[in-house]
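My entries follow in the order in which I made them.

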Amino acid sequence: MKDIAALRRHFALTLFLLAGVGGGAAFAAEAPAATVAEGRVAGVREDGLRVFRGIPYAAPPVGERRWRPPAPPEKWEGVREAPAFGPDCVQPSYPAASVYFEPPRPMREDCLTLNVWAPESTDGAPVIVWIHGGALQFGSSASPMYDGGEFARRGIVFVSINYRLGVLGWLAHSALSAESPEGVSGNYGLLDQIAALQWVRRNIGAFGGDPANVTVMGESAGALSATYLLASPRAKGLFAKAIVQSTNMRAVPHLRDAAFGMPSAEATGTALVASLGVTDLAALRRADPKALVAAGLRARFVAQPVIDGAVVPGQLVDIFDRGEQAKVPVLAGFNSGEVRSQRALVPPVPADAATYEAEIARRFGDLAPAFLRLYPASDREESLLAATRDAVYGWATERLVRQQARAGQPAYLYLFDHCYAAARARSLCAFHAGELPFVFGVAGRPFGGLSNWPMPAGEEDRALARQMVGYWAAFAAHGAPSADGAPAWPAYGKAENFMRFGARPVAGRDMLPGMFEFQEEVMQRRRGAGEQWFTNTSPLPNQRLMD
């Protein structure tokens, strides 16, 4: 089997060279190489950078390894060519009309790989580890949006990772818990992310990176993952900073007990497995992975962390309230139009102001006047968009920044509020993930693979992208964001400082006056009553975030 795998890798590299990428035979002779714990890897040179793709950071999670913590990667002999991304983890397709749709790529259960972009010659460089979004059931490090080249050109060693998704990454079940030495199950996707960070700790020096200066960075489900990495004792010491773009702090299920209006994670897993007609783990591990993903969709399985007392010791709000999170600098923010692309989260707009105000009074009681001051009936649609945004993203982001600042850590808050022509034309100003072309520096450049995305294309957009990449790279390097020709970004502090990214960066104070205090009070009351607090504007029949 090892010989066959080696032949496949050799064949892939041969096709890559014959396609003319990188200069043919001369390119092969000059291919950059690095030695990691498992063996030697050969990458490619692209635009003056060293790029390595599809490097395994864990053993394939297949067969008996399905629904187990990731095992160390297998060693190989000779040189492993790494010119191309590994396969995506098994997942459903986005609807073709979705703004987030990407053409399908090869998928396999054997998908735990990572990619590295590094400057041509560097030593002791800061490192970013990127965790993609996608509701913990979609997404891939191979998305063309996540090109790490712009960060590498600024002296960063940039790493992007795949991790198990959906049912394959987040299923809990009593039989799985029974076979675990710790008596737990679920959280396999989070354990994958931790394994990737451990691989980086062991190996990133071979690419010129500093293992003591690693920043975890993620957006949406990746930001949620980064927040859980801050909270998980298993991730302590594996990173020095965190960049968190559009996180949330919803309640998640407990492993064995019903809580906050949700059944236990094991009960949910038991119902899902019963729907398959499978009676034992051996048969479940033989099941076709695509059939399992399809079953998860039918059952409306929500991929999310599980409170197991080990990997995830408690709800995020409780861990941060107790000061048990990692004490590291954070840069965190959200987008002004988050839910413009997530309308399923927004309740129906009442027909008139009187109906709106009556419904708010019914739901919020003595807090209704505060709600209506923040989200008035004068523009009911915009008010509900803002209220849902704040309940999901705004409150959680500012809470994270406040808690890190309270712990004595540098903490930086932003609001992405830029509306460019293509987004405005589709009523998607500053939509969820809309900051990504700016953060990755691809705004205004020819771009393929995301045909439904309203791409920014103007010189103003390119200038903003240069500044945002600069802020992000400086934070990863030194723990304080800065950019050439851009205003100073003060830490949150007692003044509640933040940076607004509109057409250009502008520093300000008290981002959305009264928002955090109101949403915090609602959360505290719902937590005390044992209720879910993910959205505070409507009941929540479906927690899935389409990002």
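I take a disulfide to be a pair of cysteine sulfur atoms within 2.5 Å. The model is predicted, so local features need pLDDT of at least 70 and side-chain atom pairs count only at pLDDT 80 or more, while totals for chains, interfaces and linings use all residues. Residues are numbered from 1 along each chain as its sequence is written, and side-chain values use heavy atoms, with hydrogens and water left out.

**Disulfides**

I searched the whole structure and found two disulfides. In bonding order along the chain, the cysteines follow the pattern 1-2, 3-4.

I looked at Cys419 and Cys429, whose sulfur atoms are 1.8 Å apart in a disulfide. Cys419 sits in the loop between β12 (411–416) and α15 (421–425), and Cys429 in the loop between α15 and α16 (436–439), so the bond ties together parts 10 residues apart in sequence. Helices here are DSSP runs of H or I with at least four residues, strands are runs of E with at least two, and both are numbered from the N terminus. For burial I use relative accessible area: buried is under 20%, exposed is over 50%, and partly exposed is in between (1.4 Å probe, protein chains only). Cys419 counts as buried at 18%, and Cys429 is partly exposed at 22%.

I then checked Cys89 and Cys111, which form a disulfide with sulfur atoms 2.0 Å apart. The link is right-handed, with 90° about the S-S bond. Both Cys89 and Cys111 are buried.

**Helices α6 and α7**

I noted that 11 of the 11 residues of α7 (residues 221–231) are buried. Helix α6 (residues 188–203) packs on α7 at about 75°, with the axes 11 Å apart. Axes are lines fitted to C-alpha atoms, for helices over the stretch in contact, and angles run from 0 to 180 degrees between N-to-C directions. The two helices are therefore roughly perpendicular, a label for 65 to 115 degrees. Leu190, Gln193, Ile194 and Leu197 of α6 meet Ser225, Tyr228 and Leu229 of α7, where contact means heavy atoms within 4.5 Å.

**Arg285**

Is Arg285 buried or exposed? Arg285 is buried, at 7% relative accessible area, and lies in helix α9 (residues 281–286). Beyond four places in sequence, Arg285 touches residues including Trp67, Leu176 and Glu179.

**Ala491**

I found Ala491 in the loop between α17 (459–478) and β13 (497–501). Ala491 is partly exposed at 32%.

How values were computed:
Parallel < 35°, antiparallel > 145°, perpendicular 65-115°, else oblique.
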